[in-house]
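Please have the sequence and the structure open as you go.

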Amino acid sequence: MNSFKGILRIFIKSAIICFSITFVMAIVNLIMGIHIGLRYYFMMATVLTVCLSSGLVLLNSRRLFAARPKVIKKVKRAPVKKTQVSHTRVQRRKIS
């Protein structure tokens, strides 16, 4: 499901980019006096969107379709308190 979201994001971003480029191109052509049919611009925008989104999916295929790494939580153990051992020597009495 996560890869589908990534592909959908790529498709939406590429559609926005391609339609904005096509819109700017149409305005520039109108200013310069070149008249092209509106269907041509729509066809060009859809073809550019399909090409750009498929290219981006192929480029990011490893990141999109790779298996997600398992997150292993390390359990931190409580520190073990060491008991203090006295190192003083106890002298024993000699019994004679």
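Arg9 is exposed, at a relative accessible area of 57%. In this scheme, exposed means over 50% relative accessible area, buried means under 20%, and partly exposed lies in between, with a 1.4 Å probe and protein chains only. This is a predicted model, in which local features need pLDDT of at least 70 and side-chain atom pairs count only at pLDDT 80 or more, while totals for chains, interfaces and linings use all residues. Residues are numbered from 1 along each chain as its sequence is written, and side-chain values use heavy atoms, leaving out hydrogens and water.

**Overall fold**

- The protein chain has three helices and zero strands, where helices (H or I, at least four residues) and strands (E, at least two) are DSSP runs numbered from the N terminus.
- Along the sequence, the pattern of the protein chain reads α-α-α.
- The protein chain has 96 residues, and 16% of them count as buried.

**Positive patch**

- Lys5, Arg9, Lys13, Arg63 and Arg68 make up a positive surface patch.
- Patches consist of residues with over 30% relative accessible area and no salt bridge, with like charges joined within 9 Å and nonpolar side chains (Val, Leu, Ile, Met, Phe, Trp, Tyr) within 5 Å.
- A salt bridge here is a side-chain nitrogen of Lys or Arg within 4 Å of a carboxyl oxygen of Asp or Glu.
- Lys and Arg count as positive and Asp and Glu as negative, while His and the chain ends are not counted; the place of a charge is NZ of Lys, CZ of Arg, CG of Asp or CD of Glu.
- Helix H1 (residues 2-32) gives the most to this positive patch, with three residues.

**Nonpolar patch**

- A nonpolar surface patch is formed by Phe23, Val24, Ile27, Val28, Ile31, Met32, Ile34, Ile36, Tyr40, Met43 and Val47, which together have about 1,100 Å² of accessible area.
- Accessible areas come from the Shrake-Rupley method with a 1.4 Å probe, and for residues only the protein chains shown count as cover.
- H1 and helix H2 (38-59) each supply at least two residues of the nonpolar patch, and H1 gives the most, with six residues.
- Val28 sits in helix H1 and is partly exposed, with a relative accessible area of 39%.
- Val47 sits in helix H2 and counts as partly exposed at 45% relative accessibility.

- Ser14 lies in helix H1 and counts as buried, at 1% relative accessibility.
- The C-alpha atoms of Ser14 and Leu56 are separated by 8.6 Å, although the two are 42 residues apart along the chain.
- Met44 belongs to helix H2 and is buried, with a relative accessible area of 16%.
- From C-alpha to C-alpha, Met44 and Cys18 are 8.7 Å apart in space and 26 residues apart in sequence.
- Val47 and Ala15 are 32 residues apart along the chain, with their C-alpha atoms separated by 10.0 Å.

**Aromatic pair**

- The structure has one aromatic pair.
- The ring centres of Tyr40 and Tyr41 are 6.0 Å apart and their planes are at 65 degrees, so the pair is edge-to-face.
- Rings of Phe, Tyr and Trp (its six-membered ring) pair if their centres lie within 6.5 Å; planes under 30 degrees apart count as stacked, over 60 as edge-to-face and the rest as tilted.
- Tyr40 counts as partly exposed at 40% relative accessibility, whereas Tyr41 is buried at 8% relative accessible area.
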